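Subject: A structure to look through

Dear colleague,

I am handing over the structure that we spoke about, and below it I have written down what was found. Please read the text with the model open beside you.

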Amino acid sequence: MKKIIKGGEVGRVLEAVNIGFTYGKRKIFEKISMSVGNGRIVAVVGPSGVGKSTLLRVLGGFLRPDEGKVLLMGKEVTRPTPKIMLIHQSIVTFPWMTALENVMLGLKYRKLPKELCKAIARQMLEMVGLEGFEDFYPKELSGGMRQRIAIARALAADPLVLLMDEPFAHLDELTAEALRRELYKILFNVNSTLKGVILVSHNLSEVVELSDVVYVLNGRPATIVAKVEIEMERPRNPRDQKFYYYIDVLNDTLLYKGEV
Amino acid sequence: MGLIPIMILAALASTARVFTVIGLSILTGWGFGYISIKSKVFENVYVALNEVFESVPVIAFFPVVLILFVNRIGGFVGVELASDFLVFTAVVWNIWIGIYQAFKTVPIPMIEEIENLRYGFLDKLRYLYIPFSMPRIAANLIPSFSDAFFYIMVSEVFTIGSTSYSTFGIGSLIVKLVRLGMWNYVSYALLILGIIIGGSVYLLREFSTYAIARYSLESDIPVPRTRQIQRYVAKFYSPIIKPTKRIRYYFASKRAPTRGRRGKEGYDYYSERETGQRILKVLGSAVALLILGIIIYSSFSLLTSITYAEWRYIFSNTLEIVYALAYDYARVAVIAVLSFLVALFVSYSIVNHRRIEALLISIIQILAAYPAPAYFPILFAVTYGIVYRFSGALTTEFFVILLGFLSTFYYIFYNIWVGIKAIPKEIWELMDNLGMGYFQRIRYVILPGTLPYTITGLTSTVNSAWGGLMIAEYWPNIVDGKSLEVSHGLMKLLDLWTYQGNLMLASWASFIFSLFVIVFSVVFTRNMMNLSKEKYVIEEGIYAT
């Protein structure tokens, strides 16, 4: 089993320094250090219930770590900020707002003129492939389309980092695959201020397809048991030998928990 | 016997009255609920009547109850029944409709299981329907208890003409003590009542927690019509609007093979059960038609018994009634807006502070159950001077609105609080994430997201505000020779006419009032409810397979 354990990258956007978190009396994870570099997608994998989603919320400032700290562009994150946008596993859209209004919600904190907000929201919807659906209500759209709205709303907030908590978990496989293929293009396009993405998933194919670096979380309390760099050209072909190789590496890492 | 033991006995008597009435509502609710799910005819009549009576405030029954029980039955029994019936009308509709909705939403697999095991009527009730209705009953218990205590204060003592009627209870005792100016004993009575109410609320909360923990479903079993129980009034009236549709439906159903006939043709082992079902259906239909018949006959007899001169007399007073009603609607609007604003901002402020929330909710639950008419004279005596200095000529209006608010605020409060609690955590995270400010959150998320709850709460608040107004608009000699009396108000007229023994005019005013309330309910409340359920269900904002 090949495990590539390297130091931090140059140009870190978001960085966790030795963080730990306790819920009630139970220590969920400890001594976690990780970072996301410019233009990179970082994945966190691990078995169910290990604390992946909790880690994501600590990184986003929704939960305070008991130990260590989270830094965004070198400054400590102490509360949620639109500069780090979270995309939920359960897709969140507001049923009383149209697709356009849902996206405009992401712009409220910027206090821009209404017309400019509309223009930006339209642009974001276009970017996620929902041109022509501006006036549709979420219930008139499919799950995949709703997730695109959530992504467009997050991007409209001009974030530096996107935290994605199993973003395809509630989509059927065909829709999820289509969205995965487009995701890199959507996220790192010229109109986006986005610098990095942290993706939580337990779908290893998804992780290999999308990410540049994978942190494997395991044990109780959870720690990072491995860091795997995916060195493949994009777009990635799931039938590629190398693709299978990385899946095997991740599988092995997950099975041999705690033995780094 | 000393006065303190009498007070304890009186408080216990009132509490027993409340619990008996609630118990009776639950028992009858189970029976009617079961017949409803078996007989379509009964269901239509039952639910339609429930909706109508639920939207008519309990005080509209006052003159009718007085005529029926006090005049016709009379004596101690008549007065006791009048008091119990008034309390019954205050609590029963919520409980009945809650049980009916529970019965209608029993998951299909559970029904199939119990049918599969060929359970009889009583076993079905015992092992499936009654346990399944427990969480809803539990949810309704504290509001029903509060309602009952509010009306027990009004109904334990009342005056018609020169005669005053009263039953033994804490309500009638406090009224007597206030009249005699025995303020020390009034405060003891309030203390005893407070202890009993606090204890009862504690027990009810414990029971609710137990019932919800034990009987709530926690599964992904498909539940039929969980979100919205169809509003049956519209359905009930639809054949009147489109009779041909009803006739077509009837003949189509005659042609289509029904489950009962299929059983007769092929599955003999079903026949015994099918006979029972048919009997229940027929029985249900017969009861429904009987109820309708009684209502139509009573209305007809009443209308024909009124002489021409009497008709002229009541018509000549109609304009005054409508005018007074307009005044009262304005008061109700102020109470509703005030209650809404307080409920919204208080519940939004406490919902993310667990300890403050737990404490405040307990206090509000006890305060809500503590009948406002019992402590209002003291509040009035203490604050009158200050209020008069600031409000001047509006002092009476201030106290009327205050009593209305105290007697009805908690309905909308509970609803909005539950609505805010129901907002999924993902949405709270999103609001934090987007850096939304206080008013942005309220405007874009909290207000629209709690709309279905707000409409429900607002409806109950409006319905109950009338009770508060009925007491506050005409309260002679409330304390120290001071009285509360508004210049215009339908509730004052109802009070006055009942007090003067003019039950004919009081009944006519109640009838007009009921008509307005029903039209308001059909035109405004129902449309708002439909809109909110169509577009503003915040749980639908979460898409998860």
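Helix α14 of chain B covers residues 318–350, which makes 33 residues, and from its first C-alpha to its last it reaches 47 Å, close to the 48 Å expected at 1.5 Å a residue (the expected span is 1.5 Å times one less than the number of residues). Helices here are DSSP runs of H or I with at least four residues, strands are runs of E with at least two, and both are numbered from the N terminus. Among the buried residues of α14(B) are Ile321(B), Leu325(B), Asp328(B), Arg331(B), Val332(B) and Ile335(B), where buried means that 20 or more other C-beta atoms lie within 10 Å of the residue's own, exposed means 12 or fewer, and partly exposed lies in between, with C-beta atoms placed from the backbone. An α-helix has 3.6 residues a turn, so residues three or four places apart point the same way. The cover over the buried residues of α14(B) includes α17 (395–421), α20 (451–472), α21 (490–499) and α22 (503–535) of chain B.

Before going on, please keep in mind that this is a predicted model, in which local features need pLDDT of at least 70 and side-chain atom pairs count only at pLDDT 80 or more, while totals for chains, interfaces and linings use all residues. Residues are numbered from 1 along each chain as its sequence is written, and chains are lettered from A and ligands numbered from 1 in the order in which they are written.

Now to where the two chains meet. The contact takes 24 residues from chain A and 21 residues from chain B, two residues being in contact if their C-beta atoms, placed from the backbone, lie within 7 Å. On the side of chain A that touches chain B, the elements giving two or more residues are β6 (84–87), β7 (91–92) and α4 (143–156) of chain A. That side divides into 13 nonpolar, eight polar and three charged residues; Ala, Val, Leu, Ile, Met, Phe, Trp, Tyr, Cys and Pro count as nonpolar, Asp, Glu, Lys and Arg as charged, and the others, Gly among them, as polar. Two strands are said to pair if DSSP finds at least two bridges between them. In β5(B), Tyr543(B) is the residue opposite Ile91(A).

Chain A itself is divided into domain 1 (1–78 + 195–260) and domain 2 (84–158 + 161–194), with bounds that come from an automatic or database domain assignment. Taken over C-alpha atoms, the centres of these two domains of chain A are separated by 24 Å. Domain 1 of chain A brings 23 residues to the contact and domain 2 of chain A brings 16 residues. On the domain 1 side, β1 (12–23), α1 (52–59), β9 (196–201) and α6 (204–210) of chain A each supply at least two residues, and β9(A) gives the most, with six residues.

Two sheets of chain A deserve a slow look. One is an open sheet of four strands in the order β2-β1-β4-β5, with antiparallel pairing. Its edge strands are β2 (26–37) and β5 (75–76) of chain A, each of which pairs on one side only. Eight bridges hold the antiparallel pair of β1(A) and β2(A), and Thr22(A) has Lys27(A) in β2(A) as its bridge partner. Helix α1(A) packs on this sheet, touching β1, β2 and β4 (67–72) of chain A, and its direction makes about 120 degrees with that of β1(A); axes are lines fitted to C-alpha atoms, for helices over the stretch in contact, and angles run from 0 to 180 degrees between N-to-C directions. Between β1(A) and β4(A), which run antiparallel, there are five bridges, and Leu14(A) has Leu72(A) as its partner there.

The other is an open sheet of six strands, ordered β6-β8-β9-β3-β10-β11 in chain A, and its pairing is mixed. Because β6 and β11 of chain A stand at the edges with a single partner strand each, one side of each is left without a neighbour in the sheet. From one strand to the next, the twist averages 20 degrees. Within this sheet, β3 (residues 40–45) and β10 (residues 213–218) of chain A run parallel and are joined by four bridges, with Val44(A) opposite Tyr215(A).

With best wishes
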